[in-house]
Amino acid sequence: MRKLLLFCSLLVMLAGGAYAQSRVISGTVSDDKSQPLPGVTVFVLETKKATVTDIYGKFTIEAATGQTLRFSYVGYQPVLLKVKNESKNLNIIFKESANDLNEVVVTGYTSEKKKDLTGAVTVVNVNDIKDVPEGNAIKALQGRVPGMTVYADGSPNGAVTVRLRGTTTLNDNDPLYIIDGIPTQRGLQEINQDDIESIQVLRDASAATIYGSRAAAGVIIITTKKGKAGTQRIDFDASTSLQYYNSKLQPLDAQQHGQAYWQAQVNDDEFGPDAGSPIDPSVSNGIYTYNWNHNYTNPVLYNVNIPEYIDAAHTMKAANTNWFNEISQTSVLQNYALTVSSGTENSHSLFSIGYYDDIGIIKQTGDTKYNARYNTDYSFFKGRLKIGETLSATYMKDPVLPTSSITLLSLIENPIIPVHTVDGGWGGPVAGMDDRDNPVRLIDDNQQNVNAFGRVFGNAYADFEIISNLHFKTTYAGDFAGNYYRWLQLPYVAGFLSNPATYAGQSTDYEVTETWQNQLTYDLTIKKNVFNFLAGEENIKDKYQNFNAQGQGLALANIDYAYLSEATSNILAAGGGSSDALLSYFGKINYAYNDKYLASVTLRRDGSSKFGADNRYAYFPAASVGWRLSEEDFVKNNAPVISDLKLRFGWGQTGNQNIANNATYSLYQSIYGNAAPFSGDSGTAYDINGTGSGTLLSGFTAIQTGNPKLKWETTTQSDLGVDFGLFNNKFTGSIDAYYKNTTNILISPPYLAVLGEGGNEYYNGASMVDRGLEASLGYGGKIAHDLTININGNVSGYKNKVTYLPSAVLTGYPGNGTTETVLGRSINSEYGYVVQGIFTSAAEVQNSAAQPGKGLGRIRYEDLNGDGVINADDQKFLGTSDPNFTYGLNTSLAYKNFSLTFFFQGVQGGLVYNSYKYLTDFTSLAPGSNWGTRVLDAWTPQNSKSTIPALTLIDANNEGRYSSYFLEPGSYLKLRNIQLAYNLKSIFKKIKIQRASVYIQASNLLTFKSSLYTGPDPENPSNAYPIPVISTIGLNLSL
Amino acid sequence: MPILFRLYQPSVLICHYKNSKTMKNLKYIMAFMLCIITASCKKYLDTTPQGVISSADLTSASNTDAMVIAAYSKLGEDYYYYPYAGMWAYGSLRSGDAYKGGGGPGDVMEYNEYETFSLNNNTNTSSDQVWYQLYVGVARANTALTLVEGQSLANYPQKMEREGELRFLRGHFYFLLKILFNHIPWIDETLQKSQANYGAVSNVALTSDQLWTNIANDFKFAAANLPVTQTQVGRATKGAAQAYLAKTLLYQAYKQDDKNDVTSIDQTLLAQVNSNCDSVINSDKYTLDADFADNFLPQDGNSSESVFSIQYSKNDGTPLGRVDFGHCLDYPMNVQYGCCGFHVPSDNLVNSFKTDANGLPEFTTFNDTDVVATGNYQTDTFDPRLDHTAAIPGHPYKYQTGLIYDASWARDPQTYGPLLSMKETVAYTDPSFTRFEPFMSSSKDWEVIRYADVLLMKAEALIQTGQEQAALPLINMVRQRAMNSTALLVQANGKPTSNYHMDIYRPGVNCTWTNAYAWQALMFERRLEFAMEGYRFFDLVRWGIAADYLNSYFAVEKTRTPHLAGAVFTKNRDEYLPISQNQLNFSKGVYKQNPGW
């Protein structure tokens, strides 16, 4: 991280002679990007003469040799300069720094300086995440933006969910991404992380309203790198990482599994469901046999006997397989990026290529990504016309494996099953086990199925200065993305599971989004009044089509053979498509008076094809004001420690239109047949001829009821913020409080069943409120001669509340749908039974409320309504999964050529539903599966202190019900990143090198969690792809 | 690409700038921009829905006919979570004939709630699903009826026949709703479809008896307008409508009060049951299949015993085939099959196949000893239908002498014992067998009403009207066929699979055929003949004996299997499923909950 630094360089032009008296001195003030800085105050200390620079950054002032000029500009320390004899035409350059208030922030169609912002905007320090090898820049932002939460598992290409300021709507809560000015709803998985110049997050409505109907969940603006004037540069970044998991469940081994089985049977016989008719636990589930003392009151297991073979045919030798070890691996991740750029006064260009190869920690998973980017711009007519383009191409290859099945199976597959049979076939379940497939087989038999993804995304623009400060810009962007996926399903036998059929299939799709933007901007300065005007128009059209087909009866089970033409039977084809369009007009006026008083007004009008003719258009207004108190004399004079202080308030409305494209129409579809193994058929084909096969007659299915009155859902948000800098901006920070009210939320609620198919209808019908606080604080400074430190932290929290839902749909949300509902509570509320503990004595069982299935060692549920019966009425709201607050802390230390950075991120509060507990605490909820080691510590009359219910094979007490037993504290603190870098520049002094450093880095190295959380990782509570530890060594080089 | 783009390309603007350096020309440029920015682009947002059709496009004769097929299609669209074709979850699991099976009580817990009754509740999502799915059937029939009624006879000569078919289908869906939920909203094609119109119809707007009359009227219309024979065998026929009408009237005849207690039996309706059964019998179109097995073998679909069957198919252009998804969990856990061991015959049911020395059922003593516990099927004697119905360790599975059923093929034998159901399954080598991992099923047709049912419905009507003598030959026809059905029940060595000994009722020889005895015989015969076919529970409710019968069953059966430990049938409540809380909520108070819930 760069230290806070003001830098002045002086270029002295030779002057004619020496004058002792005052004379006219002229010059130019510009920033380090050679952009002229207007409004810089130039002051002669001795004579008190003053002037300001004009819009070209030029000034003239009278001064004599030996006098001192002070250049001051908001956000910078003043620059003092002694007038020398030769001083005549001065060139003052303010160098940019990290906490630079003059940093240019892209805020939507235009850009503003940070000091002028009146909205809640977070500028991500891209340098902090540059070397984090996540493959998706958004993943690396976890904890770095106040109010933003990123949900992702450890999969190389898995879905990433981003939430800004809590839950805004019941629909799509994904933020809108703006990449080089073009809106897109694709995330950043496909963007080369090294191409990113800046990331800005528009958190509040006053900033986001300019994006109107799609901005309710926030806006993330990405700008890619461009060539810089006067430079020629080659950047090369390389890194290699090793990935491994350290968060894993502890499944039982074969012996332990047998032991748990025995204990469950003994319990069932002694005080459980089999008490009336004991089943001798000398043998269990046909595999294990036991030597034990046959004393039920004090049972002792001498020995679990495991047979040599687990199947009658003697093809599977009893094993002790650790399935997770079998499916996982330590893997390598590589990332290379080469960027060449150059710039002159009239043209800039940048070309980059990137290669990213992530071999997953689950075998055969991975993501290989090739990126190329070409950004150029050219200026004509003395800079009045600028024509440019950005173009990126991405090609990704990803093996398509059922990873969630594989990771789950690795926990529940019986350890006694061998990976392979004695003759090299696949091991699999035998009698007494669940129908769970061998996860190693799933990996092996699917590894040939690779999805290829290609995307070309770019824009071309022309920016034309009609008269001074009046610009017209037109931009055309195209986004072409497509998938091609060809797959082969191999025949197999694994235990009693088998399928002799060979299938081949392929699917392709493509999506084209065309965007055309036109905008006028005008900057006007009248004395101390600065106006920026923007008026614009935008057309967006999106079209999506897909095709897929499959066939059976292939002669060879080989991916190189498995094309559809080789299929000989059951050839099926399907395809579909959708399209939608948006037409928008927008305008914005920014106003600043004397850098002190700031105001901004925005209006956007959006039309969407998704809405009914009556409500096609909507207006989205916003207004915000700012007051730079630090420019006031009473602050300057009385509180000199305050280097910057700004109060701001913003209000605005944004929308959400993310629903099905045709929601306003009542429609039928020709669905021939659509059954899947886990869902029934809703097609219309019928074998009316009774022939049993062949083409069938079919009809049409109603798919929806149209609502021509549909309109946007609207989020109205207010934000009160303060930005501050202390001690010459050594300390900087900001605090925001917001209130967000979303109304007319688009819902397609479950409906009265008598309507039949197509009774589903979208309408505007729910409201939700979020309120929150966000704070960030930074410190940067030198603490010793060569030691600088930078600390940046942020903390944020929010409360969500559902304020309105139609009564008819309340059953679809937590609560009982009538007396206890989610209204007035967070949408993420948890509702269920309260676990009081377990029954530990016969008297307790006898004296408690009537509870079907109660018994010794069983869970005791609380009789909340005190009616003496445990039933559905004994449920209540147990809490919410919303955390109290989330936080991040980034610390950088630089000492000479070394720099050390570590980043902690955490979540405090909130409940997590730990579904692992089904496996770790119960033998009855998945009786044919493997379980976790916690079952070995379950309650027995002899182990009476345990809080884990007694083992049983029959869940008579319905203990899988939604209860507080499964809700655990979700707090965690993670060391997300730690990096040690060494700057090699001193070594390469002789060579002309701009930057050279090597680093080692680790991600997700440490996790701290509540001792009450019994799973491996509260961040990733479901049976998802584990988040790996990534240790990296890398090199950055710039020539 | 927007049209505007072609008109006002940026290059045009550049040219203008080149040629005009005065402020005057600037006006044009400004006008251009204004034009772009404010251009009326109404059409830009008119995107056409892709790949769909509007209701206006359905009114052609061919599309109307297609919508009739769509209504038929719903017959076989059940799924293991709402098996309304095979009805096993509703009629078998709740009848004392079967256990849920599968991987313990938590595996499809909703059915454990059904089986134990005490755990059942109004948030059981399977109940909500089956309600919805059956109303989808009603809605498809109503939609097609509206279209058919809108056609002229000239343009659509099959109009009356199709109307008959659709009312038959609607009658079928309503019949199922009625026996499951009792109080249901009646919606027909005369009510224009809208949220408001449909939402105003209460489930208690009509009495139970009025609902039966409406259902009967649909079948009456169908019987009057349908041909005796259809060239497309999947379509409903006159005989099917008459048989279903008889079935409806039979249920209607047992009058229930508002606490579900049977208070009287309507003799007039029973006479109509009798006459409608006669119409079917006298049509000479139907006979009992020679072998009981023929009803449960795929090659004999649409046989002469089939009065109305649901047509399934495979290799038909749909992704998985339109197969019997409702029974897809009912196959063994072995390498030939692989999933999921649901629908397990109870010990009580297996014991009921025992015969006495005369070859007759042991009405009262059959359950005193448990043959399942002993596993010995040679000492006692049995009705051959046992080995058509239940998969038993050591016996050939589904008539395959090379595939001996093993106790290890059961999913969770410690909870549910070693047995499985067989009527719905097929041999894994059969062409109708199909896999869709992790499940499997077949395209074997499923008989909703078979001729044996017509015979026994008539016998029931006769006995209840004091004509037990006339009922005797009907019951004996069914028994005689069962007696004859041993050809396939042999082991690899050619010996009979179990020790079969069975006879017809011979008054004065092996029994005394009084009305009371005949009633016992009829009730028992229905159980043996239709075991595991999904309607047993509804017989018990119709006869008004469900509470006593099931609580006696639980008293003994819970000592044999741990999962029934808490099972209790609550009289005046459990005769019907509760109306789902969802539907009560959606109806905003228009629907009323069933008694007792």
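This tour visits a helix pair in chain B and then a sheet in chain A.

The model is predicted, so local features need pLDDT of at least 70 and side-chain atom pairs count only at pLDDT 80 or more, while totals for chains, interfaces and linings use all residues. Residues are numbered from 1 along each chain as its sequence is written, chains are lettered from A and ligands numbered from 1 in the order in which they are written, and side-chain values use heavy atoms, with hydrogens and water left out.

Select residues 238-253 of chain B, helix α11, together with residues 267-282 of chain B, helix α12, whose axes come within 8 Å and cross at roughly 160°. Helices here are DSSP runs of H or I with at least four residues, and strands are runs of E with at least two, numbered from the N terminus; axes are lines fitted to C-alpha atoms, for helices over the stretch in contact, and angles run from 0 to 180 degrees between N-to-C directions. α11(B) and α12(B) are therefore roughly antiparallel (over 145 degrees).

Next, show the side chains of the contact (heavy atoms within 4.5 Å), including B:Leu249 of α11(B) and B:Val273 of α12(B). The residues of this contact divide into 11 nonpolar, 6 polar and no charged, where Ala, Val, Leu, Ile, Met, Phe, Trp, Tyr, Cys and Pro count as nonpolar, Asp, Glu, Lys and Arg as charged, and the others, Gly among them, as polar.

Now move to chain A, where an open sheet of 4 strands has the order β4-β3-β6-β7 with antiparallel pairing (strands pair if DSSP finds at least two bridges between them). Select residues 41-44 of chain A, strand β3, which 3 bridges join to β4(A); within this pair, A:Phe43 has A:Ala50 as its bridge partner.

Definitions and conventions
Angles under 35 degrees count as roughly parallel, over 145 as roughly antiparallel, 65 to 115 as roughly perpendicular and the rest as oblique.
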